[in-house]
Structures are given as C-alpha cells and as structure tokens.
Amino acid sequence: MLSHDELDELRSKKVFVLDMDGTFYLGNQLISGSLELIRALEQKGKTALFFTNNSSQSAAFYRRKIGQMGLESGEVPIYTSGDVLVYYLQKHYPGKRVYLVGTSSLEETLRQQDIVLANDEELPAGAGVDLVVAGFDTTLEYHKVERACAYLRRGAVFLATNPDLNCPTEQGFLPDCGSICAMLTAATGKKPLYLGKPYATTLDFLVRVTGYQPAEMVIVGDRLYTDIAFGKKNGITAVLVLSGETRPADWQKLLKADTDPTYRADYVFPSLAELGAVL
Ligand SMILES: [Mg+2]
C-alpha cells in the first residue's frame, strides 16, 4: 500500500511518458482502463505522450492504431525510437550518408526529414557511406546484411534504434533490433550506439520535445531493461505495470536484495487503470 506522501510525489509530476505495447494495449487489444488514465491526466492538466522503442512502424501508423481504440487522432503525441534516430542524425551527422537496415516505414520517416540515404545506390563496398543504421527490420534480407557489414568494415559509424532482443506479439516473440545488431556485431566486431529506451539520447529528445526536465517526468512501462531502466538511469520516476512482459511473479523475485537496482521500479501497478485511479 502506498502512503499519501509517496502518492503526492507521483501526483506532482508534469509529464507522463507511456510505453505502448504491454502498457496501453496488448497486440490489437486495448488494456482495460487505459483510456481512463488518459482522461485522468487531462483532467489534472498533465502532459501525456507515447514513446515506443518499436521502429518498424511510424508514428502515423500508431496514430491510426490508437485511433481505432478510441483515442482521437493527435490527442496524445506519439514518438518512436525512429524519431530519436532522426533527432540524433540531424544533431550530430547533418548531411551525412546513411545506409539503413530497416523497414520501408522507417526509410520513409528518414526521407521525410531529409536524411541522405544510400540504399538505392549501387555503390562499391564502403564507398561514400558514413553511417550504418539498424532498426527493427521485419523485411530483413541477406543483401542488406552483406552491404551493412561491408560499410562497417570500411569504417562507417554504427547506430541502432533500440536494444530490444525480442518483440512480444500475440503469435510469440519476433527477433528485434538488438538481435539483428548481434549478427552485424558477430560479423564485423563493431558494436552499435543504441538510441531508444533506456539510453540518454531518448531523454535529450524528450526534454527537447516537451520542454520539461527529467525530475518532472514519469516513465510508465512493462519492460524492465528498457522502460524501468530508462527511468532509473536518467533520474526519471519509473512506474512498472504488470499488464505486459513483467508478470507479478517476476516482480516478487526482483524485490530480492541482489537485484540490479536499475530494474527496481519506484511504483508498481497492475495496469494503467490502477495508476489512473490514484492520480
Ligand atoms: Mg512494452
């Protein structure tokens, strides 16, 4: 049971960053109480936004998906690790040429922001490519792996949208960006710089888009090594919901003394419904 003081701390926060899959919905199913949490945040004058590490689809795709679940389009801003990638490339590598290992949706996001892509060109291995960027590529083919490895061996910088090894779906686990990068690393010996949750570049991005500081933010999510670690590593209050990947029994195990402190959420709720009820 949470004390009044503890809840006051949570209630004093200004920005609630919500994970999507396993937190707001499961696959194509809205998790009961999710819409009520959004209404509660609106009523209290809080800023809500969605942030997902899944870079296989664009924010526009998620807007349509959430729209079908009853949330007005544009009501809550949606960002993906692909948006953090654009932010990072524009800030640190303006005008540089990028080879993308990603979906056509991520490619479209990069093109819209005038990132120069070398994917269409028949280049000799390594010629003129400054960076190799990997996302959650559900359209991965061998020739992309081959070219990416050639560019990395020739000295291209290696970036990746998110460290997740698997993406949970209704059909089971799909190998995610972290697993694709493990293959590229095995072949070349080069490791990527990851940008999504739990990494600090995502915090820089969120500070820029919201105008708020980490002490004013809350991250709410179902995955310990991305959502909760993002909060604990970056000075953001971390709320775990047990509606997705982390099961109640897992959380009981994590309360033991030898648990990695970056996995210890500040608050735990069964789902967004119970969080909404205490705000
Ligand atoms: Mg999740």
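Where is P198 found, I asked on opening this model? I located P198 in the loop between β12 (193-194) and α8, and I noted at the outset that the model is a predicted one. I then checked the backbone there and found that the peptide bond from K197 to P198 is cis, with omega near 10 degrees.

**Entry: helix α8**

I went on to T201, which is found in helix α8 (residues 200-210). Buried or exposed, I wanted to know of T201? I counted 20 C-beta neighbours inside 10 Å, and since 20 or more is the cut-off for a buried residue, T201 counts as buried. Leaving aside its neighbours within four places in sequence, I listed V84, Y88 and L195 as the residues in contact with T201. I also took the C-alpha to C-alpha distance from T201 to M69 and got 30 Å, for a pair that is 132 residues apart in sequence.

**Entry: helix α4**

V84 is one of the buried residues of α4, together with S81, G82, D83, L85 and L89. I found that helix α4 (residues 81-92) has 12 residues and reaches 16 Å from its first C-alpha to its last, close to the 16 Å expected at 1.5 Å a residue.

**Entry: domains**

I next took up the domain assignment of the protein, which gives domain 1 (4-53 + 198-278) and domain 2 (92-194). The contact takes six residues from domain 1 and six residues from domain 2. On the side of domain 1 that touches domain 2, I sorted the residues into one nonpolar, four polar and one charged. Taken over C-alpha atoms, the centres of domain 1 and domain 2 are separated by 29 Å.

**Entry: the nonpolar core**

Which residues have the most contacts inside the largest nonpolar core, I asked next? I noted V17, V132 and V239 for that place, in a core of 67 residues. This core draws at least three residues from each of domain 1 (4-53 + 198-278) and domain 2 (92-194). As general background, I wrote down that nonpolar side chains tend to be buried together in soluble globular proteins.

**Entry: A238 in strand β14**

I then turned to A238, which lies in strand β14 (residues 237-241). With 26 C-beta neighbours inside 10 Å, A238 counts as buried. The residues that A238 touches, again not counting those up to four places away in sequence, are I219, I228, G231, K232, A265 and D266. I also looked up D19, whose C-alpha atom is separated by 12 Å from that of A238, although the two are 219 residues apart along the chain.

**Entry: helix α7**

For helix α7 (residues 177-188) I counted 12 residues and a reach of 16 Å from first C-alpha to last, close to the 16 Å expected at 1.5 Å a residue. Which residues of α7 are buried, I asked? I listed C177, G178, I180, C181 and L184. Seen down the axis of α7, these buried residues fall within an arc of 155 degrees, so they line one face of the helix. I recalled here that an α-helix has 3.6 residues a turn, so residues three or four places apart point the same way. Looking for what covers the buried residues of α7, I found that the cover includes β6 (97-101), β8 (131-134), α6 (142-153), β9 (157-160) and β11 (172-175). Just after α7, I noted that G189 takes a positive phi of about 80 degrees.

**Entry: helix α2**

I repeated the look-up for helix α2 (residues 34-43), where the buried residues are S34, L37, I38 and A40. Seen down the axis of α2, its buried residues fall within an arc of 160 degrees, and so they line one face of the helix. On the other side of α2, I found R39 and Q43 exposed. What covers the buried residues of α2 includes β2 (25-26), β3 (29-30), β4 (47-52) and α11 (272-278). I noted too that α2 is followed by G45, whose phi is positive, near 75 degrees.

**Entry: D114**

Last, I looked at D114, a residue other than glycine with a positive phi, near 60 degrees. Where is the place of D114, I asked? I put D114 in the loop between α5 (104-112) and β7 (116-117). With 11 other C-beta atoms within 10 Å, D114 is exposed.

How values were computed: Residues are numbered from 1 along each chain as its sequence is written. This is a predicted model: local features need pLDDT of at least 70, side-chain atom pairs count only at pLDDT 80 or more; totals for chains, interfaces and linings use all residues. A nonpolar core is a set of buried Ala, Val, Leu, Ile, Met, Phe, Trp, Tyr and Cys residues joined through C-beta atoms within 7 Å. A residue is buried if 20 or more other C-beta atoms lie within 10 Å of its own, exposed if 12 or fewer, and partly exposed in between; C-beta atoms are placed from the backbone. Domain bounds come from an automatic or database domain assignment. Helices (H or I, at least four residues) and strands (E, at least two) are DSSP runs, numbered from the N terminus. The expected span of a helix is 1.5 Å times one less than its number of residues. The arc is that of the directions from the helix axis to the C-beta atoms. Two residues are in contact if their C-beta atoms, placed from the backbone, lie within 7 Å. Ala, Val, Leu, Ile, Met, Phe, Trp, Tyr, Cys and Pro count as nonpolar, Asp, Glu, Lys and Arg as charged, and the others, Gly among them, as polar.
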